[in-house]
Amino acid sequence: MSAKITLDQWQALIAVVDEGGYANAAEALDKSQSAISYAVQKIETELGVRAFGLEGRRAKLTETGHLLYRQAKVLVEEATRIEKAAIQLSQGWEPLVRIAADALFPQHCMLSALDAFAAHSPLTRVEYTETVLSGANEALLRHEADLVITGRVAPGFIGELLMPMRFVAVAAADHPLHQHDSLSLEDLRQHRQIVIRDSGSQRVDSGWLEAEQRWTVSHPSTRIAAIRRGLGFAWVPESELGDSLLTGELKILPLKEGRERVIGLHLVVADGQYAGPAARYMAERIREAAREPCPDAGIE
């Protein structure tokens, strides 16, 4: 069944409502007032409905008109998105962008970048995978990602620094380690350490002190929850601490050395200068988001 009403005719109805009348609608669409009037009459005749009723000299939407107006807005907006997507594809714009990012990359930064990307290209699909340690580089080497955010740039690729990530050694406020005025790494080895499992096949152990008691979890949120319960200590990115230090729920361990660690998160564009426009656009949004102020972690 073919549509009886064209997009131009639906746009005319929308304009009459949005612009407050036939004359203003004609001016907004750069058409004659008779053309606008004919378009609305065509809708009413073909569908057997009344979109407008007269209230004095002004046209006012009927209940049916309100329904037609709302649905027409959706239809015209969807048609516009489809045309925009087709133009982007004709220019080589990829229909899919794949991102593999270390879970250390702040969530608010990634969501900000994705929000900006969606506003520009709402029909482009995005696959976003959070990884740990070697997972991002494996996705890169297996050609499973167009953009990678990693703390360790794989050989043969060039990465640009997005941001430094500062880690601090913490434990719950009532943890036995806080009974010491000064701690050595040997002191830490006598207590349980909470570490994150590498999501890659290499199973890299980053920061493990070879403590006799070791618990391995697969997600940062589980690690911080375990620390808050007093189940162990860990080096935690300051971006994950929230207000835990300010409230006294967690305390920084009084280490003689190694109290803080800093690593750099890098952005790698898999295809470099040959990357498609969608990947390049997403990369720029990630760069912008990484420059945004981060929430205060309560560390002085």
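Since the model is predicted, local features need pLDDT of at least 70 and side-chain atom pairs count only at pLDDT 80 or more, while totals for chains, interfaces and linings use all residues. Residues are numbered from 1 along each chain as its sequence is written, and side-chain values use heavy atoms, with hydrogens and water left out.

So, the helices. Have a look at H5, residues 107–120, and H9, residues 277–290: they pack at an angle of about 140 degrees, with axes 8 Å apart. Helices here are DSSP runs of H or I, at least four residues, and strands are E runs of at least two, numbered from the N terminus. The axes are lines fitted to C-alpha atoms over the stretch in contact, and angles run from 0 to 180 degrees between N-to-C directions. That makes H5 and H9 oblique to each other; under 35 degrees would be roughly parallel, over 145 roughly antiparallel, 65 to 115 roughly perpendicular, and the rest is oblique.

Who makes the contact (heavy atoms within 4.5 Å)? On the H5 side you'll find, among them, Met110, Leu114 and Phe117, and H9 brings residues including Tyr281, Met282 and Ile286. The contact residues of H5 and H9 split into 12 nonpolar, two polar and one charged.

On to charges. The whole structure has 14 salt bridges, meaning a side-chain nitrogen of Lys or Arg within 4 Å of a carboxyl oxygen of Asp or Glu.

My pick to start with is Glu260 and Arg166, whose side chains meet at 2.6 Å, N to O. Glu260 sits in strand E11 (260–269) and Arg166 in strand E6 (159–172), so this pair ties together parts that are 94 residues apart in sequence. Glu260 is partly exposed, at 37% relative accessibility; the scale is buried under 20% relative accessible area, exposed over 50%, partly exposed in between, with a 1.4 Å probe and protein chains only.

Then there's Arg228 with Glu249, closest N and O atoms 3.4 Å apart. Arg228 is in helix H8 and Glu249 in the loop between strands E9 and E10, so they tie together parts 21 residues apart in sequence. Arg228 is partly exposed at 34%, and Glu249 is partly exposed at 35%.

Arg142 and Glu138 pair up too, at 3.3 Å. Here Arg142 is partly exposed at 48%, whereas Glu138 is buried at 9%.

Last one: Glu160, Glu284, Arg287 and Arg291 are linked in a network of salt bridges.

How values were computed:
Contact means heavy atoms within 4.5 Å. Ala, Val, Leu, Ile, Met, Phe, Trp, Tyr, Cys and Pro count as nonpolar, Asp, Glu, Lys and Arg as charged, and the others, Gly among them, as polar.
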